Each structure stands twice: as structure tokens, then as C-alpha cells.
Amino acid sequence: MNRKQVLDYIREEYGILPDYPFLKSPEHAVFRHKRSRKWFGLLMKVPGSKLGLSQDFPVDVLNVKCDPELISVLRSQPGIYLAYHMNKNHWISILLDGTVATKEVKPLLQASYHLTKEA
């Protein structure tokens, strides 16, 4: 998935449009539940070095909440990292350059949506 595909998928699947609350980073998009306003996703452009990549050019990443027991397993896969700029025990960053297939990104996004949803 790429940035546009993430934006389109969240709009189509959940009827949610992104918020852009960061003045210093206007390309960072936050996805929130409509009622509770809790975040279930954060789409960012960050320097690759922030993820431990050898190149420093900006890359798109999607942060999603994840079951803490799955994080170590997921991190063994290429394109999945400890969450950049969020709680690393509960969130992961997914590189959106095609390394992680769409069929793998969607379930992670769905899990994040359900983990953050009001009971």
C-alpha cells in the first residue's frame, strides 16, 4: 500500500477522513474514531534513518495499534518497525513502500481500529 491507498481504504472502509493537526508537519494524517476521537492510525512521512534504514530520504509510514504479544513476531518481517514517535509496546510502524503487501496492511489496520474502538 502507498499513502493514497491508505487514505482511500480508510475512507471507504470506515467512512473516516484524516485530521491534519500538526502545523509543523502538515502531511501527517491522524485517523480517529468518530465518537471517541481515539486514534487508530497515524500516517507520516519521516526520514528513513528514524526507522534504522541506511538511507535518510523521507518515507511514508503508517502507525497502528497492535496486540503487544504480536509485536515481536511482526517486527521480524521486513517493513515492520517499532512505532516511530509512539508507544513502542502497543504500536508499530509499517513502511508504505510496497515491502509490506496490501493483504498484510489491511488486517493490521483493521486490528488497530478494533483495539481502539469504544466498548
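Predicted model: local features only at pLDDT ≥ 70, side-chain atom pairs only at ≥ 80, totals over all residues.
## Helix H3: length and faces

Let's start with H3, which runs over residues 102-116.

Which residues of H3 are buried? They are Val 105, Leu 108, Leu 109, Ser 112, Tyr 113 and Thr 116. Look down the axis of H3 and these buried residues fall within an arc of 140 degrees, so they line one face of the helix. There's a simple background to this kind of pattern: an α-helix has 3.6 residues a turn, so residues three or four places apart point the same way. On the face of H3 turned away from the buried side you'll find the exposed residues Lys 103 and His 114.

## What sits over H3

The buried residues of H3 get their cover from several elements, including helices H1 (3-14) and H2 (68-75). Strands take part as well: S2 (39-47), S3 (58-65), S4 (80-82) and S5 (91-95) are among the covering elements.

## Helix H1

H1 passes the same length check. Its twelve residues should span 16 Å at 1.5 Å a residue, and with the end C-alpha atoms 16 Å apart, the model agrees.

The buried residues here are Arg 3, Val 6, Leu 7, Asp 8, Tyr 9, Ile 10 and Tyr 14. So what do the buried residues of H1 pack against? Their partners are strand S1 (29-32), S2, S3 and H3.

## How H1 meets H3

Two packed helices are described by the angle between their axes and the distance between the axes. For H1 and H3, the angle is about 50 degrees and the axes are 12 Å apart. That makes H1 oblique to H3. The crossing of H1 past H3 is right-handed.

From the H1 side, the contact is made by Tyr 9, Ile 10, Glu 13 and Tyr 14. H3 brings Lys 106, Leu 109, Gln 110 and Tyr 113 to the contact. Tyr 9, Ile 10 and Tyr 14 also turn up in the list of buried H1 residues, while Leu 109 and Tyr 113 are on the buried list for H3.

## Three residues up close

Arg 11 belongs to helix H1. Its relative accessible area is 38%, so Arg 11 counts as partly exposed. Setting aside residues up to four places away in sequence, Arg 11 touches Ile 16 and Leu 17. Phe 31 is 20 residues from Arg 11 along the chain, and their C-alpha atoms are separated by 9.8 Å.

Tyr 81 is in strand S4. Is Tyr 81 buried or exposed? With a relative accessible area of 19%, Tyr 81 is buried, because the cut-off is under 20%. Beyond its neighbours within four places in sequence, Tyr 81 is in contact with Leu 51, Leu 53, Arg 75, Ile 92, Ser 93 and Leu 95. Ile 71 is ten residues away along the chain, with 8.8 Å between its C-alpha atom and that of Tyr 81.

Ser 49 is found in the loop between S2 and S3. Its relative accessibility of 39% puts Ser 49 in the partly exposed class. Leaving out neighbours within four places in sequence, Ser 49 is in contact with Gln 55 and Asp 56. Pro 107 is 58 residues from Ser 49 in sequence and 27 Å from it in space, C-alpha to C-alpha.

Technical notes: Residues numbered from 1 in each chain as written. Heavy atoms only, no water. Helix = DSSP H or I, 4+ residues; strand = E, 2+ residues; numbered from the N terminus. Expected span 1.5 Å × (residues − 1). Buried < 20%, exposed > 50% of the residue type's maximum accessible area, 1.4 Å probe, protein only. Arc of directions from axis to C-beta. Contact = heavy atoms within 4.5 Å. Axes fitted to C-alpha atoms, helices over the stretch in contact; angles between N-to-C directions. Parallel < 35°, antiparallel > 145°, perpendicular 65-115°, else oblique. Left-handed = near helix turned anticlockwise from the far one by under 90°.
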